[in-house]
Amino acid sequence: SNGGALNFGSNMYLTNIKIYMYNCQFNENNADNNGGSLYIQSYQGIHCQNCNFTNNKSKQGKSSVYISTYFECKNPDSGANIQIPGELYRDPSIMIYQCNFLGNNKNNNNEICISNSQKAPIEISQCKFNDEIVKGFIISIDDAQVKSPQIKNCTFSFSNNNELSKAIHSSTNDISFVGNSFIKCVEKLIGLEDKDVNGIVQLIENNFIECKKSTILDITFKKQPKIEGNYFMNVELSSMLLIFRCDGFNTLKLSGNNFSLFSMSGEISGIGLQTQIIGLDDPLHLTFEDCKFTKITCSSTVKNGGALCCESNLNEGKTYLTMLNCMFEGNKHNKDGSLYVNLKHEIIIEKCSFTENEASKGASIYIKPDYQDYSDISKITITGCNFKQNNPSQSSSVFIEAGKTKNVNINSCTFEEDYGLLITNFVGDIELIDLEFI
């Protein structure tokens with residue numbers, strides 16, 4: 001049977017009714033098949049608000065809450081399918097607001113499963129998922145034809161770092177994640193299928209706190225995503241934190257994201273970012289704007305870049321890099337550079353601040369101009385930046401090593417109680433304009 005507490009709409013008399021649920025409690029219910037607490041089949045969707053779901057189970061390990069809004073329903077007398085209402089007569093929206101889920105039921109594949117819900121708007125907002133340990137994902141949207149799902153202002157929190165659980169799966173990549181908090185999550189948090197070529201992923205103002213086991217975001221984008229205002233804090237990893245693939249486009253921008261209190265080890269340095277273009281042979285145009293990198297500690301003995309490493313991990317070095325109005329403060333690495341750059345193409349660092357960073361060489365910036373045997377000439381521009389009290393153990397705040405495939409322009413920068421810059425055995429053009437050393 002389906003629906004441990006409530007099985008609604010699975011017959012011709014109820015399938016065309018909008019369901020509203022307010023202030024309900026679903027505690028310790030069981031279903032043989034699907035929907036440990038709720039099994040909903042309604043062409044008119046559901047509005048569920050301020051409800052609590054605690055320890056509801058499915059004996060076959062399926063979901064606690066199952067919802068479908070586009071399905072076949074038969075007339076029991078004639079055996080004929082009931083006609084699904086047309087769009088003018090159907091509101092299949094699925095709205096789940098201010099609900100609490102507390103289950104710790106490792107048997108279930110999902111806590112919420114939304115399936116067979118073509119063209120249904122979905123919003124899951126202000127919900128709390130505490131210690132929801134499942135085999136699959138806490139929320140699973142298993143229909144690629146739903147309408148732009150939104151996961152907003154929800155909290156996914158776990159008390160035990162040894163428990164593995166993933167947060168959200170979606171068959172559509174036209175989806176928004178806004179204002180959510182993911183706390184002590186230890187698996188890849190979000191799984192998106194790339195079925196919608198026009199889908200735009202939005203990651204806006206989410207908090208990722210105490211991520212300590214493995215890569216948390218591994219996403220293939222079909223269109224340029226919106227990645228803005230996210231906060232990554234208290235991260236301890238020996239693997240990449242973020243893996244982003246651009247399928248069929250070549251521009252990626254991260255705006256207003258904060259990376260703080262990291263401890264990276266093994267062969268990973270900086271924040272642990274990896275990017276790749278697939279489907280094109282173009283270079284990647286990568287921009288960081290208004291991003292903050294603070295108190296990131298890297299113990300890698302093989303990789304440079306205490307806060308941000310930009311080399312083969314960024315589209316195999318085939319990348320144009322722009323850093324605009326970013327802040328690097330209090331980062332530490334026993335190798336070279338708070339920001340380490342070794343790329344084939346142009347490098348622009350503009351209006352950035354570097355304060356109290358520590359590294360071996362280039363406590364603020366270390367640039368290796370030549371990328372393997374790539375011979376095309378490009379430019380390094382460092383303009384309008386401020387360097388203050390950065391502390392290299394060997395030499396200089398800004399270090400540009402010997403090379404012949406880059407021209408350098410450093411202008412309108414201020415070095416305050418700092419170790420200045422060092423450019424060694426450089427073959428290309430060098431322009432130093434309006435630099436101030438205080």
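**Salt bridges and cysteines**

Lys253 has a relative accessibility of 33%, so Lys253 counts as partly exposed. Before going further: this is a predicted model, and every value I quote is computed from it.

What does Lys253 pair with? Lys253 forms a salt bridge with Glu289, and the closest N and O atoms are 2.9 Å apart. This pair joins distant parts of the chain, with Lys253 in strand 28, residues 251-255, and Glu289 in strand 31, residues 284-289.

I will show two others besides the one just described.

One is between Asp218 and Arg245, where the closest N and O atoms are 2.6 Å apart. Again the pair links distant parts of the chain: Asp218 belongs to strand 24, residues 217-221, and Arg245 to strand 27, residues 242-247, 27 residues apart. Arg245 has a relative accessible area of 21%, so Arg245 is partly exposed.

The other is between Lys152 and Glu123, with 3.9 Å between the closest N and O atoms. That pair still counts because the cut-off is within 4 Å. Lys152 sits in strand 16, residues 147-152, and Glu123 in strand 13, residues 121-125, so this bridge too links distant parts of the chain, 29 residues apart. Is each partner buried or exposed, or something in between? Lys152 is at 23% and counts as partly exposed, whereas Glu123 is at 15% and counts as buried. The two fall in separate classes because buried means under 20% relative accessible area.

Now the cysteines. How many disulfides does a search of the whole structure find? The search finds 0. Cys246, for instance, is in no disulfide, and the nearest cysteine sulfur, in Cys310, is 14 Å away. Cys246 is buried, at 0% relative accessibility.

The cut-off for a disulfide is 2.5 Å between the sulfur atoms. Cys326 is also buried, with a relative accessible area of 2%.

Conventions
Residues numbered from 1 in each chain as written. Predicted model: local features only at pLDDT ≥ 70, side-chain atom pairs only at ≥ 80, totals over all residues. Heavy atoms only, no water. Salt bridge = Lys/Arg side-chain N within 4 Å of Asp/Glu carboxyl O. Helix = DSSP H or I, 4+ residues; strand = E, 2+ residues; numbered from the N terminus. Buried < 20%, exposed > 50% of the residue type's maximum accessible area, 1.4 Å probe, protein only.
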